[in-house]
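Hi,

Here is the structure I promised to pass on to you. Have a look at it first, and then read my notes below.

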Amino acid sequence: MTSSIALYFPMLVLFLFTLLVGLRLFIMRVRAVRRGNVRLSYFRNFTAGTQTDGCATAQRAFNNLLEVPPLFYVICVVLMVLRQGDHLYEALAWVFVALRVIQSAIHLTYNHVLHRAAVFILSMAVLAAMWVRLGLTLLTFPA
């Protein structure tokens with residue numbers, strides 16, 4: 001599929017992955033409360049005590065999927081609306097999604113900050129390339 005609609009599928013995968021990470025976080029929190037490691041009242045406003053390191057890391061990984069990826073969703077939708085999607089945008093979209101999954105996997109497993117940062121920087125470069133390419137295209141876009 002070479003149409004702009006092909007950009008929907010990397011967005012769907014990233015969305016589903018975000019749901020999966022959110023579900024993992026929820027399960028970790030429930031377990032922490034059941035084990036007595038975190039008081040349920042902590043989750044009322046996140047100030048009455050502390051959560052476990054594992055829950056805090058999972059929370060940050062989930063938050064990371066809600067911070068930069070909206071810029072990815074926006075450009076994909078813009079490309080779809082303008083019918084500007086092509087094989088290069090599709091490839092860049094899949095690379096961005098793969099890098100975000102890798103970054104989350106690093107965060108949720110061995111959590112090496114430099115490895116995570118390197119993947120983050122690569123994902124930002126891919127996203128920037130998509131935005132710059134679209135900007136250059138729009139310079140010549142018929143009014």
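**What I found**

Let's start with helix 6, where R116, V119, S123, V126, L127, M130 and L134 are buried. Buried means under 20% relative accessible area, exposed means over 50%, and partly exposed is anything in between (1.4 Å probe, protein chains only). Helices here are DSSP runs of H or I with at least four residues, numbered from the N terminus.

Before you go further, keep in mind that this is a predicted model: local features need pLDDT of at least 70, side-chain atom pairs count only at pLDDT 80 or more, and totals for chains, interfaces and linings use all residues. Residues are numbered from 1 along each chain as its sequence is written, and side-chain values use heavy atoms, with hydrogens and water left out.

Back to helix 6: the cover over its buried residues includes helix 4 (69-82) and helix 5 (87-108). Helix 6 covers residues 113-139, and its 27 residues reach 38 Å from first C-alpha to last, close to the 39 Å expected. That expected span is 1.5 Å times one less than the number of residues.

How do helix 4 and helix 6 meet? Their axes come within 10 Å and cross at roughly 30°. Axes are lines fitted to C-alpha atoms, for helices over the stretch in contact, with angles from 0 to 180 degrees between N-to-C directions. So helix 4 is roughly parallel to helix 6, a label for angles under 35 degrees. On the helix 4 side, the contact (heavy atoms within 4.5 Å) is made by L71, F72, V74, I75, C76, V78, L79 and L82, and on the helix 6 side by L127, M130, W131, L134 and L138.

Now for helix 1 (8-34). Its end C-alpha atoms are 39 Å apart, which agrees with the 39 Å that its 27 residues should span. Its buried residues include F17, V21, L25 and A32, and the buried residues of helix 1 pack against helix 2, helix 3 (53-64), helix 4 and helix 5. Just after helix 1, G36 takes a positive phi of about 80°.

Finally, take a look at N37, in the loop between helix 1 and helix 2 (42-45). N37 is partly exposed, at 47% relative accessible area. Leaving aside residues up to four places away in sequence, N37 touches A32 and T52. N37 and V78 are 41 residues apart in sequence and 45 Å apart in space, C-alpha to C-alpha.

Cheers

How values were computed
Helices (H or I, at least four residues) and strands (E, at least two) are DSSP runs, numbered from the N terminus. Angles under 35 degrees count as roughly parallel, over 145 as roughly antiparallel, 65 to 115 as roughly perpendicular and the rest as oblique.
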